[in-house]
Amino acid sequence: MRLGTKSVLYGAHAFWLHPWFVALAWWRLYGFPWDPRLWVAFLIHDLGYWGRANMDDELGELHPFPAARLMGRLFDGARPAAIWRRGSETAPVGRWADLVLFHSRFLSRHFGVRPSRLCMADKLAVALEPWWLYLPRVIATGEVTEYMALARDPAGKYGRESRRGPAAQSRREWCTRMQGYCRAWALEHRDGRRDTWTPAAPPPADDAGANHA
């Protein structure tokens, strides 16, 4: 079973648990999510990890696209006048599609747009989970190995986190630092200000090179 599938089934992005923490985080940041379309977004936004071999490689970074396409078809109405394109993935431009697509900080940086409110809620959700609930799941799936390796690399995609101090010596220490960073990032950017913390990710080898077409 691939890592992304395990993550969706019982790991960091468990479909039966993670959406509840996203909803709680949204409530903390923006008030209770009365709109049922938000609950659909909470439920499906990470399902694109299904079948991915890794969480944070080129393909893993494209995981919001399938859910964004579905949100666009369900709630954005008429055929879109434009699409977002990265590598082989596309999604329609629209209010609800964009909410899901730009829950990724890295896609937001790539396309030169502000992260969506779902991004802030998604990051705060990780910080709201008790460590004893989150950490055993990512250990069980094996995700923790990839996450900790990325956190140790000052030149990598999580470089800002890596430069906050010496590399974590234990999984528990890594989890505490990661959750602290996610909380700080979400609270800093809750008002939609420009994200200066997240490094730009390199484009995929087959990137079309255009924001939308």
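Which helices each supply at least two residues of the lining of the largest cavity? In this predicted model, the answer is α2 and α3, each of which contributes at least two residues to that lining. The residues that line the largest cavity are H13, F15, H18, P19, F42, L43, H45, D46 and L47. A search of the whole structure returns one cavity of 30 Å³ or more, and the space within the largest cavity comes to about 30 Å³.

Of the 213 residues in the protein, 51% are buried. Among contacts with a separation of 6 or more, 65% are accounted for by residues 24 or more positions apart. The accessible surface of the protein amounts to about 10200 Å², with 58% of that area belonging to carbon and sulfur atoms.

Helix α2 also takes part in a feature of the surface. A nonpolar surface patch of about 730 Å² is formed by W20, L24, W27, F32, W34 and W39, and helix α2, which spans residues 18–30, provides the largest share of the nonpolar patch, namely three residues. Another member of the patch, F32, lies in the loop between α2 and α3, the latter helix covering residues 36–44. F32 is classed as partly exposed because its relative accessibility is 30%, a value that falls between the limits of under 20% for buried and over 50% for exposed residues.

A127 counts as buried because its relative accessibility is 8%, and the cut-off for a buried residue is under 20%. When residues up to four places away in sequence are left aside, A127 touches Q179 and R183. The separation between A127 and C175 is 48 residues in sequence, while their C-alpha atoms are 9.3 Å apart in space.

Terms used. Residues are numbered from 1 along each chain as its sequence is written. This is a predicted model: local features need pLDDT of at least 70, side-chain atom pairs count only at pLDDT 80 or more; totals for chains, interfaces and linings use all residues. Side-chain values use heavy atoms; hydrogens and water are left out. Buried means under 20% relative accessible area, exposed over 50%, partly exposed in between (1.4 Å probe, protein chains only). Contact means heavy atoms within 4.5 Å. Accessible areas come from the Shrake-Rupley method with a 1.4 Å probe; for residues, only the protein chains shown count as cover. Patches are made of residues with over 30% relative accessible area and no salt bridge: like charges are joined within 9 Å, nonpolar side chains (Val, Leu, Ile, Met, Phe, Trp, Tyr) within 5 Å. A salt bridge is a side-chain nitrogen of Lys or Arg within 4 Å of a carboxyl oxygen of Asp or Glu. Helices (H or I, at least four residues) and strands (E, at least two) are DSSP runs, numbered from the N terminus. On a 1 Å grid over the protein atoms alone, a cavity is a set of points where a 1.4 Å probe fits but cannot get out, and a pocket is an open set with protein on both sides within 12 Å along at least five of seven lines; lining residues have an atom within 4 Å of a point. Grid points are joined across faces, edges and corners, and a volume is the space filled by probe spheres set on the points.
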